Each structure stands twice: as C-alpha cells, then as structure tokens.
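Keep the sequence and the 3D view side by side as you read.

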Amino acid sequence: MTTRYPAISADIITLFAARDTHAVEVAVLQPADPFLDMAGEDLRRRIFLTESETGQTLCLRPEFTIPVCLDHIASQAGTPRRYSYLGEVFRQRREGGNEFFQAGIEDLGDRDTAEADARSVADAHALLSLALPGQSLAVTLGDQAIFEAVLAALGLPRGWRMRLARAFGSAPMLKAALADLANPPRNSQLSGPVAAFVLDGDLERLSQHIAGGMEEAGLSESAGRAPSDIARRLIEKAELRSVRLSNEAFAALKGFLAIDVPLDGAAQVLETFAAGAGLSLGAALEKFSARAKAMEAHGLPSEKIRYDAAFGRPLDYYTGVVFEIAAANGERALAGGGRYDRLLTLLGAKTAIPGVGFSVWLDRIEALRGVAS
C-alpha cells in the first residue's frame, strides 16, 4: 500500500472542512456481502476478495459510500450529517494501478433532497475547480427516478421495470434489454413438469421439484443458488418473454432515451415529451425541476451541464440523480456520484435515511495536473 498522498490532499481537506463535513476513516478490510449484493456487476467483478479465520468473506474496500454508511449506522449518529473522506480504494482496473486514492462527501439525512443533490454536484465541481484551476469542466446528469417513472407510466410489468432499472448505467445491458423487449426470445426448452409449473407460475411446487432434482444429483443447496431462487428466476424469465410493448409505447421509450439537452431547458423538454406520449411523470418530474433550480442557485454553469436521459452509473444502489464531471475535452470521469435513498435501509438502518454523495479520482486529477504543469 502506498503512503504517498496526492499533492492536492491538504487543499481538499481544507475545502471539506469549509463545507461543514465530518472527516472519517473507514477500515481497509470490509465485509464483502454488502458490495456483492448492492454495488452492481461492474464493481463486483473487480473486487479483491479474501476470507477471515472464521470463514467470513472480506474484501479490500473498493469504494467509500457503503463503508461510510455502515459506520454511520453503527455509530447511531444523528442526521442530517455530512461525512468526508480521503484514502485509498482497491479495484482491478484495465488502466492505472489497482490501488488509488479517492476523496468525497456523503450527505446523509437531509430531507430537502433537491438542495442536497445540488450541493453535492456543487461541492464536486468546487473540488475539481480547486484541483484543476482554469480547466473547463463538463457535467453530465441522469436521473434513475425519471427513468423508472417513464417505465411505470408505460405500464411495464414489475419484472421488466426491474430488469431495465438494473441495466440503467450500462449501455450494453440496456441495449440487450431493449432488444429483448422489442422481440421477446422464444421460451427455452424445459422438461415436462418444469414447463408445467413455470406456465402455472407455481413457485412452491417448482421449488420442490428443483430441490428434489438437486438432492438426486447430490448437489448441496448451500453450494449455490437456493431452489426457490432458481424457481423464481425461471418464472420471471417466462413472464418477461410474454410481454411485448406496443409500437407506440416502444417508440416513446426510445424517444425518451434519446433526450440529451442542456439542463436549463431539460424540465420543459421532459414535460413536452410526457404530454406528447400521454404519460404522467408526477413527483419525479417535480423533483427534477426543483433540483435544476437549486443547482442554478448554487451558481453552477448551466451551459456546461447536460441532462442525458440514458445516462446512468454502474452501481445498483442509485435511486435518483446520478452525475459525472469530466474535463471538457476528456473522456474519463474525474468525479461521479448520485442519490441512494434505499441504501441505508438495506444496510440495516431502522429508519429510512436519504443519502447523496460523490467521489473524485485523484490519480486522474494528478495526471491532468502533471500535463498542465
């Protein structure tokens, strides 16, 4: 593990203090299950796993959001509360080292979500402006809640809404899901009893049948997915294959995903889209408009912020706004973040705690500072 902190670290810590945050340090070794369950496929496949003497699966921390939230729950601290961090994370990467520094802020418990969202983007922008003075920055926003509201308004069944929501943030997964939605694949060949149970949606009898087959084959239920999980997935796949959107609804979904406009006109574009498609986006659109106004109040350059309806980030715990900030002519994000209102409850919080946060890649920032100097 390197001990050389980036040269900009002291200035970042000063900025965090001025933003009324509580500096935290979290353990390098973390329980792996929260990341495996909630972080998303992109991060899961890059985690470094190990095992404790008692057999618990552990990992080197691949990011800070989940550990900070776990520590907040364990400490039983009150909210609202803002946490800041600066330290190493560990991931397998195609480019760059597998150990690198991240810094960021996690903003927990603020019920004014529009203001908290805007503050998160503004803080990330301020950090990058401090680290890269004179560098033109471009902000891209997406919104998981708007996407899910469109799916619900189109009348998609829950299974399809869940699959598309999981794909949001991954262009290949979203493309594959839309292709299946446009032309549902034929049912795979299933054996007689399995096919009958799937057709009837009989979860209990299908689970029993699968459990019996596993027992005959000498397979332990603890060695992989439970029979009930396998049965549920088979029935879900069959239900997904039975759904086909009308041409009008499919065109509306593709039209929505094609929206890519400056933020200052995005709310109006979404209203026009919804009216033209005969959809109601309700509270999701109201929150979107309130956030845009709050971001303007923070002095963020609206002409440098774009709303891309198809933009997401490859982490499963996001529920609302998602964003990335890059150098104006750069391809790689320098900062990324978003809202995760369900995460703390999933991690064990007894009451719902809204949250939003961001992190910056300090190795990418240092590379740009090196070029500038």
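## Phe256 and its contacts

Setting aside residues up to four places away in sequence, Phe256 touches Ile146, Phe147, Val150, Leu270, Phe273, Tyr307 and Ala309. Contact here means heavy atoms within 4.5 Å.

This is a predicted model: local features need pLDDT of at least 70, side-chain atom pairs count only at pLDDT 80 or more, and totals for chains, interfaces and linings use all residues. Residues are numbered from 1 along each chain as its sequence is written, and side-chain values use heavy atoms, with hydrogens and water left out.

## The cores

Phe256 belongs to the largest nonpolar core, which has 71 residues. Leu164, Phe256 and Tyr307 have the most contacts inside it. Helix α5 (residues 113-131) gives the most to this core, with 7 residues. Another core lies apart from it, with 30 residues, including Ala32, Tyr317, Leu343 and Leu344.

A nonpolar core is a set of buried Ala, Val, Leu, Ile, Met, Phe, Trp, Tyr and Cys residues joined through side-chain atoms within 4.5 Å. Buried means under 20% relative accessible area, exposed over 50%, partly exposed in between (1.4 Å probe, protein chains only). Helices (H or I, at least four residues) and strands (E, at least two) are DSSP runs, numbered from the N terminus.

## Two helices

How do α12 and α13 run relative to each other? The axes of helix α12 (residues 247-257) and helix α13 (residues 266-277) cross at roughly 175 degrees and come within 11 Å. Angles over 145 degrees count as roughly antiparallel, so α12 and α13 are roughly antiparallel to each other. The axes are lines fitted to C-alpha atoms over the stretch in contact, with angles from 0 to 180 degrees between N-to-C directions.

Ala252, Gly255 and Phe256 of α12 meet Leu270, Phe273 and Ala277 of α13. These contact residues divide into 5 nonpolar, 1 polar and no charged.

## Strands around Val89

Val89 sits in strand β5 (residues 81-90). Val89 is buried, with a relative accessible area of 0%. Beyond four places in sequence, its contacts include Arg61, Pro62, Phe64 and Asn98. Glu63 is 26 residues away along the chain, yet the C-alpha atoms of Val89 and Glu63 are separated by 5.7 Å.

β5 and β6 pair in the antiparallel sense over 10 bridges; pairing requires at least two DSSP bridges. Val89 stands opposite Phe100 in β6. In strand β6 (residues 99-108), 9 of 10 residues are buried. β6 also pairs with strand β12 (residues 355-361), antiparallel over 7 bridges. There, Trp361 of β12 is the bridge partner of Gln102.

Conventions:
Parallel < 35°, antiparallel > 145°, perpendicular 65-115°, else oblique. Nonpolar A, V, L, I, M, F, W, Y, C, P; charged D, E, K, R; others polar.
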